[in-house]
Amino acid sequence: MSASKKAAGRRAADLVETGQKVGLGTGSTVFFTLERLGERIRDEGLEIAGVPTAVDTETKAGELGIPLTTLDEIERLDVTIDGADEIDGAFAMIKGGGGALLREKGVASGSDHVVIIVGPDKVVETLGTTFDLPVEVAPFARATVDRAIRRLGGQPRLRDREGAAYRTDNGNEILDVHFAAGIDDPPAMELALDAIPGVVESGLFIDLARTLVIGHDDGTADVRSAAGS
């Protein structure tokens, strides 16, 4: 699996052009993108400014010599490169396995182009069939959000770490929501979740991805474009 992640991550880094402002996602696949960008900066003189979506990404990018900036300092990003926990044929996604969904969506929505990097196991017919949907919630509202999600047909489970509630970089909690038959209408579910008071953000990413890079264990990668791109 690491070979497919490496292939996807490095191929996406080669799509970046000098002078671009680049959103930098999170996760093990994105690490290979960061690694390749660091190589290109060192060996090719690539000039970019990166906006990390998580503290971990910020640390790794800094160690690899990638210049960083923030959304406060720039108006738009040229491209964002990130992974996905699931992606379907319409390029709708579930993200948030690493807990950075709010920042990831903020960076992606402020980008002119979003490139998603995955292994073939992340491509699914129906979202929610292989990965539970993360929903970031304000801690004080967790109980009411839990009940509202159950009315939508989901089965929420509080994410924990070492016996305590997991906290995001923003200080919120995450409910990982299981849908027994998957999510048959992701856009409608995103709207329904966003309408629940106390929900900060859901891990449904709709109409954001424009390019999909699928890595394979033989070191190759396929590059696909969303319909209409």
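Mentor: Begin with a term: buried means under 20% relative accessible area. Keep in mind that this is a predicted model.

Trainee: How many of the residues of strand S7 are buried?

Mentor: Strand S7 covers residues 133-137. It is largely enclosed by the rest of the structure, because the buried residues number five of the five.

Trainee: Which residue of S11 stands opposite Leu133?

Mentor: S7 pairs with strand S11, residues 173-178, in the antiparallel sense, and five bridges link the two. Within S11, the residue opposite Leu133 is Val177.

Trainee: Which residue of S12 stands opposite Val137?

Mentor: Strand S12, residues 199-202, runs antiparallel to S7 and is joined to it by three bridges. The residue of S12 that stands opposite Val137 is Val199.

Trainee: Is Thr33 buried or exposed?

Mentor: Thr33 belongs to helix H2, residues 28-44. Leaving out residues up to four places away in sequence, Thr33 touches Gly9, Ala12, Ala13, Ile81 and Ile117. Its relative accessible area is 1%, and the cut-off is under 20%, so Thr33 is buried.

Trainee: What does the side chain of Thr33 reach at 2.8 Å?

Mentor: Gly9 is among the residues that Thr33 touches. The atom reached by the Thr33 side chain at 2.8 Å is the backbone oxygen of Gly9.

Trainee: Are the rings of Phe31 and Phe32 stacked or edge-to-face?

Mentor: The count of aromatic pairs is one. In this pair, of Phe31 and Phe32, the ring centres are 5.7 Å apart and the planes stand at 70°. Planes over 60 degrees apart count as edge-to-face, so the pair of Phe31 and Phe32 is edge-to-face.

Trainee: Which of the two counts as buried, and which as partly exposed?

Mentor: Relative accessibility is 29% for Phe31, so Phe31 counts as partly exposed. The value of 16% belongs to the residue that counts as buried, Phe32.

Trainee: Which ring does the charged end of Lys95 sit over, and which does Arg159 lie over?

Mentor: For Lys95, the charged end is 5.5 Å from the centre of the ring of Phe205. Arg159 is 5.4 Å from the ring centre of the residue whose face it lies over, Tyr166.

Key
Residues are numbered from 1 along each chain as its sequence is written. This is a predicted model: local features need pLDDT of at least 70, side-chain atom pairs count only at pLDDT 80 or more; totals for chains, interfaces and linings use all residues. Side-chain values use heavy atoms; hydrogens and water are left out. Rings of Phe, Tyr and Trp (its six-membered ring) pair if their centres lie within 6.5 Å; planes under 30 degrees apart count as stacked, over 60 as edge-to-face and the rest as tilted. Buried means under 20% relative accessible area, exposed over 50%, partly exposed in between (1.4 Å probe, protein chains only). A charge sits over a ring if NZ of Lys or CZ of Arg is within 6 Å of the ring centre and within 35 degrees of the ring normal. Helices (H or I, at least four residues) and strands (E, at least two) are DSSP runs, numbered from the N terminus. Two strands pair if DSSP finds at least two bridges between them. A polar contact is a pair of N or O atoms within 3.5 Å; within protein, one must be able to donate a hydrogen and the other to accept it, and residues adjacent in sequence count only if both atoms are side-chain atoms. Contact means heavy atoms within 4.5 Å.
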